[in-house]
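Here are a few exercises to work through with the model open beside you. Try each one yourself before reading the solution.

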Amino acid sequence: MNNKQTSMLTSSGFALAAADQVSTALWRNTINNRFTQPQFLALNGLLYKPGIGHYELADRVGVDRATIGPILKRLMEQALVERRKDPADSRRSMLSLSSEAHDLLAEMASLVETVDRQLMEPLSAAEQAALVQSWAMLSEENSLQERIGFDDQAADPVIPPLAHYPWFFLRQACRNYRRLWRERVDENISTSLFTLMEVVAMKPEIDIRTAAQLASIEESNAVRMVMRMVRTRMMRDPRDPHDARRSLLSLTANGLATFQALQARFPLVQRGLTQKLPPLAVEEFHRLTRLVARL
């Protein structure tokens, strides 16, 4: 655990995930319950590319194909998205925004700008530009420019396209990071769960709240992770003998062996994540992302 190169907590991937969590929290605090980030991506994507199908929309805005269906269902229930059959292909549906959706996007535009401004506040303008470029380069292999249309003319001067928003590029970089993790490390243990395991391995008998803070995980999510680990006998959570309200976490022998096996594969993710960046840019990307993450 003393080797920084194999520690999740000092990695670029962890910094990305923590920055994305800051972005999500700012969104929740600013936008409230009007719509989620994935819902905004779908609405904005349809504003600039009306008439596309749901898989094309998912690929264009960087949302998993498995999750775009429930997102669209919710938006259609709110009368924000309309669907009709393609006259040239009855098997294909075409999606478009309702007038209410356009009005909502225009109404919320300034709030989305506020999220961006608060997210990037720790950086100078030059640093922001450099970091957003790095995040864009860290996105998946498909050209981001082709998917979201950097050259799109604004459908409405009040509502910018997705290429305008730094948090969008951060989200795409995180998506690619998690894809690399699933492919090169483990499909069943997430990056967040691995981070929690690392914290517990470093600090046996740590309480859940402190572990969640160190791992940059919301406490409610950490509780669910611990419950899962206890059920699978990878973690113990006995009560603190001095405070019955606290549980003290430690890895079982099986949990520690699993953690060490994953830790050995973790450098494969790190190399894959930053391979598109020039060597001299990696350290600056890491430093600036940690600032955005408030680490």
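## Exercise 1: Aromatic rings

Ring pairs join W27, F35, F40, Y165 and W167 into a cluster. Keep in mind that this is a predicted model.

**Task.** Work out how the rings of F194 and F259 are arranged, and which helices they tie together.

**Solution.** 
- Start with the total: the structure holds 12 aromatic pairs.
- Now take the pair in the task. The ring centres of F194 and F259 are 5.2 Å apart and the planes stand at 25 degrees, so this pair is stacked. The cut-off you need here is that planes under 30 degrees apart count as stacked.
- Next, find the two residues along the chain. F194 belongs to helix α9 and F259 to helix α12 (residues 253-274), so the pair ties together parts that are 65 residues apart in sequence.
- Last, check the accessibility. F194 has a relative accessible area of 0%, so it is buried. F259 counts as buried too, at 2% relative accessibility.

One more ring to look at: R65 lies over the face of Y55, 4.7 Å from the ring centre.

## Exercise 2: A network of charges

**Task.** Find out which residues R287 forms salt bridges with, and where they sit in the chain.

**Solution.** 
- Begin with E284. The closest N and O atoms of R287 and E284 are 2.7 Å apart, and the two form a salt bridge. They are three residues apart in helix α13, so about one helical turn separates them.
- Then go to E127. E127 also forms a salt bridge with R287, with the closest N and O atoms 3.3 Å apart. This pair links distant parts of the chain: E127 is in helix α6 (residues 125-137) and R287 in helix α13 (residues 279-292), 160 residues apart.
- E127 is partly exposed at 21% relative accessible area, E284 is partly exposed at 33%, and R287 is partly exposed at 37%.

## Exercise 3: The largest pocket

**Task.** Describe the largest pocket: what is its volume, and which residues lie nearest its centre?

**Solution.** 
- Volume comes first: about 1,000 Å³ for the largest pocket.
- Then look at the lining. It is made up of 42 residues, with D20, T24, Q37, R171 and R178 nearest the centre.
- Which elements give two or more residues to this lining? They are α1 (12-31), α2 (37-48), α4 (65-77), α8 (166-184), α9 (191-202) and α11 (219-231). The largest share, nine residues, comes from α1.
- Finally, sort the lining by class: 14 residues are nonpolar, 16 polar and 12 charged.

How values were computed: Residues numbered from 1 in each chain as written. Predicted model: local features only at pLDDT ≥ 70, side-chain atom pairs only at ≥ 80, totals over all residues. Heavy atoms only, no water. 1 Å grid on protein atoms, 1.4 Å probe; cavity = no way out; pocket = protein on both sides within 12 Å on 5 of 7 lines; lining within 4 Å. Points joined across faces, edges and corners; volume = space filled by probe spheres on them. Helix = DSSP H or I, 4+ residues; strand = E, 2+ residues; numbered from the N terminus. Nonpolar A, V, L, I, M, F, W, Y, C, P; charged D, E, K, R; others polar. Salt bridge = Lys/Arg side-chain N within 4 Å of Asp/Glu carboxyl O. Buried < 20%, exposed > 50% of the residue type's maximum accessible area, 1.4 Å probe, protein only. Phe/Tyr/Trp six-rings, centres within 6.5 Å; stacked < 30°, edge-to-face > 60°. Lys NZ or Arg CZ within 6 Å of the ring centre and 35° of its normal.
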